[in-house]
Amino acid sequence: MTRGQFRAIHGRREFLRNAGGGVGLAALAELLSADGLTAAGSGAPRGPHFAPRAKNVIFMFMEGGPSQYELFDPKPELERWDGRALPESITRDLTLAFIKPTAKVMASRYGFEPRGECRMELSELAPHLSSVADDICLVRSMHGDAFNHHPGQLLLFTGATIPGRPTLGSWLLYGLGSESQNLPGFVVLTSGKGTSGGTTNFSSGFMPSRFQGTLFRNQGDPILYLTNPPGVTTEIQRETIGFVNSMNRIRHAATGDEEIASRISAYELAFRMQTEAPDLVDLSGESPETIEMYGIESGNEHRRQYATNCLLARRLVERGVRTVLMMDASWDDHTYLNQKLPKRMEETDQPTAALIKDLKQRGLLDETLVVWGGEFGRTPMVEIRKPEEAATTGRDHQPTAYSMWMAGGGIRPGHVHGETDELCLNITRDPVHVHDLQATILHLMGFDHEKFTYRFMGRDFRLTDVSGTVQQGLLA
């Protein structure tokens, strides 16, 4: 249909005759939306419960469960048990996904050294992260309730092991809105082969869909159909979206359907993104030193993809995006642990440290909370799926004691929080449950997690479900 045909069909008089009083409602909705007073405008920034320590969150999710034994929590005692099964008194209450409690122990091959002025012990597999040891808080006492991937990821991001609830980024967008007018408030970047949780890691659950994460692609336009097809000008696009949204506003005023409000927001944001998103992914304005620091020009596809996402994460928070979820898959090393883990660290270690350094030198680290980790850790016992091949050894899932780290945004730098026993099977000091982590993140963003709720089907839901304690030991 040509522009002339469109105008002939939808002339001003016909439009007024058919729409009637709805035009006034649409105009009022437009004015209120600009002030953030309608559902369509509810992405505007709102106030937290108290003064926040952080404005944005970058969650670097390492899907699959990185091994704390090889990276963050040195256990010399494994050497003594290497090649032997642990006694039943130790393994009796373990919940394991694939191996049996009688599986033999496997010692780590990698050395640890004190790093930075804080003397934090980190693995030789993380030389670049070691260079920012004084900026991170290493939590060695994480624990959760799920020992399989999808439930574990749901617990980490939604506070429950069943699907259907809003994720962390959705909660923050719902509570704070976005400071970016032309980009989504919750953006998802991916690298690797895909996560077990998939879209449920960034779903809005029972909240309106305008609070869900927006997935940016790795190639071409960040979002499909961002570029107009040939013959469709910006003016035509503006008129078309304006007409569609005027109809949607009339329908929303009549029904109050929240999904219509989400549709209005999506159309408006999509139009604004057509100018902002291409500039976002254009890295030509970055200095050669920055490109080199991140390692973006690597010949390794995964490293290049991951490094680009790290740099995009910085560019997103610079532009006011509230939450950036980076999902890197997969760290699920049931087999070939000593081949795959060093390779993955080689691909991700430099860009990860570069993000911390870049944020810090730009004055963004103090207001940006960075979280790095997976849905659980690994077992001290070996998993052997191909007994005929010695090199295939790996580790099983372990939710009872594992490591994550945080940086920036009010987090205590250069600090190791919590301890585990000699085999890292149990926590001996300062345990941090997944709900405690969520409560602490919300606290840093200015929310009392017990009062930060969303009413659905007669119940006030929380990200932290019915538990969770702010971990004061993690705070600066």
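This is a predicted model: local features need pLDDT of at least 70, side-chain atom pairs count only at pLDDT 80 or more; totals for chains, interfaces and linings use all residues.
A residue is called buried when its relative accessible area is under 20%, exposed when it is over 50%, and partly exposed in between, using a 1.4 Å probe and protein chains only. Residues are numbered from 1 along each chain as its sequence is written, and side-chain values use heavy atoms, with hydrogens and water left out. Helices (H or I, at least four residues) and strands (E, at least two) are DSSP runs, numbered from the N terminus.

**A hairpin to start with**

- Strand 2 (residues 112–115) and strand 3 (residues 120–123) run antiparallel and are joined by four bridges; two strands count as paired if DSSP finds at least two bridges between them.
- Across this pairing, Pro114 stands opposite Glu121 in strand 3.
- Four residues lie between the two strands of the hairpin, and Gly116 takes a positive phi near 70°.
- Arg119 lies in the loop between strand 2 and strand 3, and its phi is near 60°, a positive value in a residue other than glycine.

**An enclosed helix**

- Helix 8 (residues 149–158) is largely enclosed by the rest of the structure, because eight of its 10 residues are buried.
- Among those buried residues are His149, Gly152, Leu154 and Phe157.
- The cover over the buried residues includes strand 1 (56–62), helix 9 (168–176), strand 7 (323–329), strand 10 (394–398) and helix 15 (434–444), where contact means heavy atoms within 4.5 Å.
- Just after helix 8, Gly159 takes a positive phi of about 85°.

**Salt bridges**

- Side chains of opposite charge can pair when their charged atoms come close.
- A salt bridge here is a side-chain nitrogen of Lys or Arg within 4 Å of a carboxyl oxygen of Asp or Glu, and the count by this rule is 24.
- Arg80 forms a salt bridge with Glu77, with the closest N and O atoms 2.6 Å apart; both residues lie in helix 5 (residues 77–81), three residues apart, about one turn of the helix.
- Glu77 counts as buried, because its relative accessibility is 18%.
- Lys360 forms a salt bridge with Asp135, and their closest N and O atoms are 2.8 Å apart.
- Lys360 lies in helix 14 (residues 337–361) and Asp135 in the loop between helix 7 (127–130) and strand 4 (136–143), so this pair ties together parts that are 225 residues apart in sequence.
- Asp135 is buried at 16% relative accessible area, while Lys360 counts as partly exposed at 48%.
- Arg362 forms a salt bridge with Glu286, with the closest N and O atoms 3.7 Å apart.
- Arg362 lies in the loop between helix 14 and strand 8 (368–373) and Glu286 in the loop between helix 11 (258–281) and helix 12 (288–294), so the pair ties together parts that are 76 residues apart in sequence.
- A network of salt bridges links Glu286, Arg314, Arg315, Glu318, Asp358 and Arg362.

**Backbone details in another loop**

- Ser330 sits in the loop between strand 7 and helix 14, and the peptide bond from Ala329 to Ser330 is cis, with omega near 5°.
- Tyr336 is also placed in the loop between strand 7 and helix 14, and its phi is near 50°, a positive value in a residue other than glycine.
- Tyr336 counts as partly exposed, because its relative accessibility is 29%.
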